[in-house]
Amino acid sequence: MISEREIALDIIMETDKGDASHSLIRDVLGKYDYLEPRQKAFIKKLAQGSLERRITLDYITDSFASVKTAKQKPLIRSLLRMSVYQIFYMDQVPDSAAINEAVNLAGKRGFKNLKGFVNGVLRNISRQKDKITFPAPSKKDKKSQITSLSVTYSMPEFICDLFLKNYGYDQTEDILKAFLNPRPVTIRMDERLSKEEMKRLADSMIEESGDNFAIKQHELLPYAYELTHTDNIQYLPGYEEGNWMVQDVSSMLVSEVAGLKKGDVVIDVCSAPGGKALHAAAKLAALEKNAEPCDEKPHVYSRDLTGFKTRIIEENVDRMGLSDIVTVEVHDALEHDEAFENKADVLYCDLPCSGLGIIGRKADIKYGASQKSLKSLSCLQQKILENVWNYVKPGGIMMYSTCTINPYENEKMVDYICENLPFERVDITMSVPSALRNEESLSKGYLQLLPGVYDTDGFFLAKLRRV
């Protein structure tokens with residue numbers, strides 16, 4: 001019979017090949033849905049943690065192993081990573097259990113001749129774990145700062161370098177710490193619900209969930225709630241009825257800042273998985289519900305590149321009961337659509353990006369990124385903007401957003417738009433929640449949220465008006 005550690009080992013080996021860990025873990029846990037919640041929680045924590053802390057784990061292993069991780073057999077490398085993770089970061093697991101299970105798995109998977117190697121490395125690490133030190137930074141030596149941050153917080157060196165250049169050492173360290181803190185699941189209650197209905201729905205979630213489940217209202221937006229210690233959220237009250245959907249608060253701010261009006265037409269050119277488009281539709285539906293009827297009917301066009309992506313959006317549109325407002329279409333944003341020229345009151349440009357703001361949720365992002373890929377993404381963003389900008393009516397709004405904290409994809413892209421396209425910045429100071437209004441950038445039309453500051457993901461948004 002396959003054990004929890006063996007399931008986790010298979011996940012870790014697949015992610016080592018470059019597979020996306022967040023989707024892989026979800027799919028594997030779905031396959032083993034018959035397991036107890038505590039077993040699935042153990043697998044998830046072990047697999048995610050071993051990926052998230054990979055650089056740190058390899059540094060520790062390389063301090064004791066005669067064969068360095070780069071030259072180890074893939075299975076042995078993955079086995080050592082998950083075992084060292086248990087020794088350092090899972091206090092409820094005895095070191096002896098982690099070591100013995102690793103030795104047994106090495107033999108079971110055809111590496112009996114390396115059982116001694118695995119046993120020796122792990123026992124040495126266990127005996128000396130309190131004496132292990134990480135590289136220390138020097139105030140005058142940037143290279144030492146990069147190395148220290150990389151090893152301590154398990155972040156590729158080029159990303160540490162990028163953050164240091166833009167945010168300085170202390171802020172970079174705060175960002176990297178935040179990435180390693182568990183993030184809650186954030187949901188957006190449908191704004192067609194009253195405050196009382198939202199409260200009753202939250203209470204019903206508590207009543208029907210396990211003892212550890214918790215839900216609280218987010219401090220930035222009244223319809224945003226954070227869930228912790230939850231599993232299989234689709235079984236929570238209100239999901240099937242379309243009363244809420246998963247969306248980070250940072251992403252909700254796009255529709256909050258957009259200033260949507262009754263009867264507006266919204267075009268979302270890179271929409272999947274559809275959170276922003278559906279939020280816009282829910283806001284417009286709420287406006288329709290609470291206002292006098294008029295001839296101008298609101299509509300949201302939600303587009304993305306493939307049928308796979310648009311099917312996900314369509315499923316949520318149906319579940320949320322918004323099919324009368326939302327049209328979902330397969331369309332490449334790089335292909336200009338003359339029929340959409342001067343059509344949008346509000347254009348959503350949440351463009352493909354490096355995702356460096358959501359590493360705390362998707363740790364595999366940091367291992368797939370490169371300096372070359374960041375540059376190519378900036379070029380792609382410019383090409384998309386050149387193709388879609390005139391979908392906005394004169395006087396209309398473009399909401400530009402990304403889930404990264406890389407200035408070349410954010411502030412500098414806003415500069416590019418304003419210098420090369422007929423758009424001007426819009427002061428958003430009074431459009432954001434009051435807790436955010438001290439941010440200096442708001443008067444310049446944009447907001448950069450950094451991980452760990454406002455209990456949100458790292459995110460960027462800008463509001464621009466076509467002139």
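Start by selecting Asp 350, which lies in strand 8 (residues 344-350); helices (H or I, at least four residues) and strands (E, at least two) are DSSP runs, numbered from the N terminus. This is a predicted model, in which local features need pLDDT of at least 70 and side-chain atom pairs count only at pLDDT 80 or more, while totals for chains, interfaces and linings use all residues. Residues are numbered from 1 along each chain as its sequence is written, and side-chain values use heavy atoms, with hydrogens and water left out.

Is Asp 350 buried or exposed? Asp 350 counts as buried, because its relative accessibility is 17%; buried means under 20% relative accessible area, exposed over 50%, and partly exposed in between (1.4 Å probe, protein chains only).

Now show the side chains around Asp 350. Its side chain makes a polar contact of 2.6 Å with the side chain of Ser 401, and another of 3.4 Å joins it to the side chain of Lys 276. A polar contact is a pair of N or O atoms within 3.5 Å; within protein, one must be able to donate a hydrogen and the other to accept it, and residues adjacent in sequence count only if both atoms are side-chain atoms. Leaving aside neighbours within four places in sequence, Asp 350 is in contact (heavy atoms within 4.5 Å) with Cys 270, Lys 276, Ser 401, Thr 402 and Phe 459.

Next, select strand 9 (residues 392-402). Eight of its eleven residues are buried, so strand 9 is largely enclosed by the rest of the structure. Six bridges join strand 8 to strand 9, and the two run parallel; strands pair if DSSP finds at least two bridges between them. Tyr 348 stands opposite Met 399 in strand 9. Strand 9 is also joined by six bridges to strand 12 (residues 459-466), in the antiparallel sense. Ser 401 has Leu 461 of strand 12 as its bridge partner.

Move to the open sheet of four strands, which has the order 2-3-1-4 and antiparallel pairing. Strand 2 (214-217) and strand 4 (244-246) stand at the edges with a single partner strand each, so one side of each has no neighbour in the sheet. Strand 1 (residues 185-189) pairs with strand 4 over three antiparallel bridges, and Met 189 stands opposite Trp 244 in strand 4. Angles run from 0 to 180 degrees between N-to-C directions, and axes are lines fitted to C-alpha atoms, for helices over the stretch in contact.

Then select helix 8 (residues 142-153) and helix 9 (residues 157-180), which pack at an angle of about 35° with their axes 10 Å apart. Their crossing is left-handed, meaning that the near helix is turned anticlockwise from the far one by less than a right angle (clockwise would be right-handed).

For a second pair, take helix 1 (residues 4-16) and helix 3 (residues 37-52), whose axes come within 9 Å and cross at roughly 35°. This crossing is right-handed.

Finish at Arg 26 in helix 2 (residues 21-31). Arg 26 counts as exposed, at 53% relative accessibility. Arg 26 and Asn 232 are 206 residues apart in sequence and 10.0 Å apart in space, C-alpha to C-alpha.
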